[in-house]
Amino acid sequence: MASRFSNVDPVTAADMRRQGLDPHELDRSTEQLMSLIHSNLPDPPVSTTARLTAFRARPSDGVDRISRLSDALLRDIVSRLPVKDAARTAALAARWRGVWRSTPLVLVDTHLVSSARASTPDVIAAVSRVLAAHQEPFRCVHLTWSRMGAYQAQLKRWLRLLAARGVQELVLVNRPWLREVPLPKTLFTISTLTRLYIGVWKFPDAAGLQGASFPHLRELGICSVAMKDGDIDAVVARNPALEILNIQGSMKGVHLRLVSHSLRCVQICSFVMESVSVLNAPRLERLILSECLNPAGGSCIRVKIGNVPKLKVFGFLEPGKYVLEIQDTVIMAGIKTSASMMVTSVNVLSMKVRFGVYDDVKMVPAFLKCFPNVEALHITSEKCDQLAAKFDLSSGKRLVSS
């Protein structure tokens, strides 16, 4: 009996075996990627411990006090239930049916799954039934279970329904395989979104999205999405209310250029980058670069800081991985620091330093001089295979080699 894979389809598995490769390795690495993506997603605003029995329970005097609550309060209660439990409240009484129909619900496809082995067709059918049964708004929808490569028509139909029903929060993660499934352009017609997370898609051609924008979007998460230079820049520029940008994982190196008058927090994790330039972000307060990966060839990642007068938290600077540029000056060891090279607003700075590597250590004083008002400095020592040495950190000079 053939092994069943979580993330590799039978055709791909057979093709890998013909090439002498082990599909289990791909399956395991993909599962690790999916676990990382899911750990980065926001939690849905529902109580997974809620049960319908709570509504049936009555005090010892037999008085139904829940039904005395206002419709507005009952709708708030129902909106916090998993969608299956919310639907079951309609069986309690005629009044509850009206509450169910008029409540903005939270739809999480994993709440519709009864087994870890549930198939994509079953989940697709369950989501379609819920969307057909509830004609009122959905305030939050999480779709993270299905492999959408063969179900793009259904996905487009879902997105049209959600656009018509004013969904505010949407998490849309494809499960491999195939990996680079095109993200439907229909997504960009949902003008009511305030939070959007997308994962494991191929980004549509930004040139074909002229005029598309999310006027109310405040938080955007992009997780392991295949994209080209300029795609993220264009999305950020078209969203005037965007405050939080969370980027995780990438298929290839890109040049990221950020210009935004609304961004307050940018977090980039495990992302293959050629460069990131924050050119003009007057409200930006936090810039976090974590576990970013060097592009092909092992060249350093260029990080350029422009107009960021409110930047308070910056990290993780890594000598040997990043080349720091402030305004139009590249920071180098021993450089004489001028006022134009200082980011005086930063008071929390994080660094990762390989203290056994001379070229890395000599950059530490140069970096520190660019942030003269730091109050909290966090330094992590990175392991290295080179021989240890002693340094004068004030000058960056090697004292004794061992």
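Okay, housekeeping. What we have is a predicted model, so local features need pLDDT of at least 70 and side-chain atom pairs count only at pLDDT 80 or more, while totals for chains, interfaces and linings use all residues. Residues are numbered from 1 along each chain as its sequence is written, and side-chain values use heavy atoms, with hydrogens and water left out.

The overview, then. The protein has 11 helices and 18 strands; those are DSSP runs numbered from the N terminus, with helices being H or I of at least four residues and strands being E of at least two. Of its 402 residues, 46% count as buried. Buried here is under 20% relative accessible area, exposed is over 50%, and partly exposed is in between, with a 1.4 Å probe and protein chains only. Now contacts, meaning heavy atoms within 4.5 Å. Among contacts with a separation of 6 or more, 62% come from residues 24 or more positions apart.

Let's start with helix H2, residues 23–39. Its 17 residues reach 24 Å from first C-alpha to last, close to the 24 Å expected at 1.5 Å a residue; the expected span is 1.5 Å times one less than the number of residues. Which residues of H2 are buried? Pro23, Leu26, Asp27, Thr30, Met34 and Ile37. Down the axis of H2, these fall within an arc of 95°, so they line one face of the helix. That arc is taken from the directions from the helix axis to the C-beta atoms.

What do the buried residues of H2 pack against? Helix H1 (10–18) and strands E3 (169–173), E5 (219–223) and E6 (244–248). Take the H1 partner: the axes of H1 and H2 are 9 Å apart and the angle is about 130°. Axes here are lines fitted to C-alpha atoms, for helices over the stretch in contact, and angles run from 0 to 180 degrees between N-to-C directions. H1 and H2 are therefore oblique to each other. For the cut-offs, under 35 degrees is roughly parallel, over 145 roughly antiparallel, 65 to 115 roughly perpendicular, and the rest oblique. On the H1 side we have Thr12, Ala13, Met16 and Arg17, and they meet Pro23, His24 and Leu26 in H2.

Next, helix H7, residues 120–133. Its 14 residues should span 20 Å at 1.5 Å a residue, and the end C-alpha atoms are 20 Å apart, which agrees. Buried in H7 are Thr120, Val123, Ile124, Ala126, Val127, Val130 and Leu131. They cover an arc of only 165° around the axis, which puts them on the same side of H7. Over on the other side, Arg129, Ala132 and Ala133 are exposed. The cover over the buried residues of H7 includes helix H5 (83–88), strand E1 (105–108), strand E2 (138–143) and helix H8 (152–164).

How do H7 and H8 sit together? Their axes come within 11 Å and cross at roughly 25°, and that makes H7 roughly parallel to H8. The crossing is left-handed, meaning the near helix is turned anticlockwise from the far one by less than a right angle, with clockwise being right-handed. From H7, Ile124, Val127, Ser128 and Leu131 meet Gln154, Trp158, Leu161 and Leu162 of H8.

Now the backbone. Most residues other than glycine have a negative phi, and most peptide bonds are trans. With that in mind, have a look at Ser224, where phi is near 50°, a positive value in a non-glycine residue. Ser224 is in the loop between E5 and helix H9 (231–237), and at 4% relative accessibility it counts as buried. Glu291, also not a glycine, has a positive phi of about 55°. Glu291 lies in the loop between strand E10 (286–290) and strand E11 (301–307), and at 41% relative accessibility it counts as partly exposed.

There's a cis peptide bond too, joining Gly315 and Phe316, with omega about 0°. Phe316 is in strand E12.

Last stop, Glu318, in the loop between strand E12 (313–317) and strand E13 (322–326). Is Glu318 buried or exposed? At 7% relative accessibility, it counts as buried. Leaving aside neighbours within four places in sequence, Glu318 is in contact with Lys352 and Glu382. Its C-alpha is 9.4 Å from that of Met363, 45 residues apart along the chain.
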